[in-house]
Amino acid sequence: QVQLVESGGGSVQAGGSLRLSCAASGSIFSINAMGWYRQAPGKQRELVATMTSGGSTNYADSVKGRFTISRDNAKNTVYLQMNSLKPEDTAVYYCNAHGVFTRGPLGDYWGQGTQVTVHS
């Protein structure tokens, strides 16, 4: 059983910063990619940033230059440093682990979500 536990969400003024963390636990051998997605009220879930085990990254255009994803493969943990936050960044942020190798079938997993609210 693989679980993703997120932390670090909260409320901040525009221009402020937050750091999200997500730790994957369970009988994990390796994880291909970990990343963050977000869903604002009334909108579809969208990609924020992802990072492969080899260090390749992908960012949404809307967060490039403001958000930085990083990862500790040994700890199966992914981080999202969010700077210069804007009200439009307000959403529930979900951690994703893609291509998780365990004793069972290869799988994808999601965290429970953490709320980020940016006040203008």
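Predicted model: local features only at pLDDT ≥ 70, side-chain atom pairs only at ≥ 80, totals over all residues.

Residues are numbered from 1 along each chain as its sequence is written, and side-chain values use heavy atoms, with hydrogens and water left out.

How many salt bridges does a search of the whole structure find? Four. By salt bridge I mean a side-chain nitrogen of Lys or Arg within 4 Å of a carboxyl oxygen of Asp or Glu.

Let's start at R38. Its side chain meets that of E46 at 2.7 Å, N to O. R38 is buried at 6% relative accessibility, and E46 is partly exposed at 37%. Buried here is under 20% relative accessible area, exposed is over 50%, and partly exposed is in between, with a 1.4 Å probe and protein chains only.

R38 also bridges to D89, with the closest N and O atoms 3.0 Å apart. That pair links distant parts of the chain: R38 is in strand β4 (residues 28-39), D89 is in the loop between β8 (77-82) and β9 (91-102), and they're 51 residues apart. Strands are DSSP runs of E, at least two residues, numbered from the N terminus.

Now D89 again, buried at 1%. Its side chain forms another salt bridge, with R66, at 2.7 Å, N to O. R66 is in the loop between β6 (57-59) and β7 (67-72), 23 residues from D89. R66 counts as buried too, at 10%.

Definitions and conventions:
Helix = DSSP H or I, 4+ residues; strand = E, 2+ residues; numbered from the N terminus.
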